[in-house]
Amino acid sequence: MRYELLLQSRVPGEPFDAARVEAAFATRTFHQRSDGERRWRLQRGDVELRPLVEGGQRIATELRIPLGGDLEFVRDVVNEAAAIARESETRLFDPQLAREVGEGDGPAVAEQYLRTARYAGEMAGVSEAIGVGMPPAEDGLRPGTKVFLALIGFFAVVFALLEALG
């Protein structure tokens, strides 16, 4: 499971010019794996790049961010991808937010990334996403346990009073 951003044509419905995007990416650092997968190398981590094809036609370039990364990494990806969108005259679209994003949207994307990672870790069992952005574990008893113990104590006192009166 990954967090996706899309580089797509500036005007919806117009053909996607993949050559412009590839030219903008040509100045960036990549790692080409033996299986053909391309990874865009950034200072804090790698982003997987994939062509998005629909009906036999390429409609976008998909940027897939791993869910185990930190929020600064996500902000960096948004800023760098927005620069590529500007250079290639495309738009950077976040399907999770259902809107176009730019350099100033790093915090909003990071917040949605955090929600997605928490969901993936808690509900979908994605091991690399477990604990992303989670607060450190607290020492002591959990609140539910404290309430349960208080109820037991209350009923013990009531029972002792009833025994003393009866």
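Val147, Leu151, Phe154, Phe155, Val158 and Leu162 form a nonpolar patch on the surface, and together they have about 590 Å² of accessible area. A patch is built from residues with over 30% relative accessible area and no salt bridge, where nonpolar side chains (Val, Leu, Ile, Met, Phe, Trp, Tyr) are joined within 5 Å and like charges within 9 Å. A salt bridge is a side-chain nitrogen of Lys or Arg within 4 Å of a carboxyl oxygen of Asp or Glu. Accessible areas come from the Shrake-Rupley method with a 1.4 Å probe.

The model is predicted: local features need pLDDT of at least 70, side-chain atom pairs count only at pLDDT 80 or more, and totals for chains, interfaces and linings use all residues. Residues are numbered from 1 along each chain as its sequence is written, and side-chain values use heavy atoms, with hydrogens and water left out.

The aromatic residues come next. The structure holds 4 aromatic pairs. Rings of Phe, Tyr and Trp (its six-membered ring) pair if their centres lie within 6.5 Å; planes under 30 degrees apart count as stacked, over 60 as edge-to-face and the rest as tilted. Tyr3 and Tyr113 form an edge-to-face pair, with 5.8 Å between centres and 70 degrees between the planes. Because Tyr3 belongs to strand E1 (residues 2-9) and Tyr113 to helix H3 (residues 106-122), this pair ties together parts that are 110 residues apart in sequence. Both Tyr3 and Tyr113 are buried.

The rings of Phe25 and Trp40 have centres 5.2 Å apart and planes at 80 degrees, so this pair is also edge-to-face. Phe25 lies in helix H1 (residues 18-25) and Trp40 in strand E3 (residues 38-42), so the pair links parts that are 15 residues apart in sequence. Phe25 counts as buried because its relative accessibility is 1%, and Trp40 counts as buried at 0%.

Phe25 and Trp40 form one aromatic cluster with Phe30. Arg38 lies over the face of Phe30, at 4.7 Å from the ring centre; a charge sits over a ring if NZ of Lys or CZ of Arg is within 6 Å of the ring centre and within 35 degrees of the ring normal.

Note on methods
Helix = DSSP H or I, 4+ residues; strand = E, 2+ residues; numbered from the N terminus. Buried < 20%, exposed > 50% of the residue type's maximum accessible area, 1.4 Å probe, protein only.
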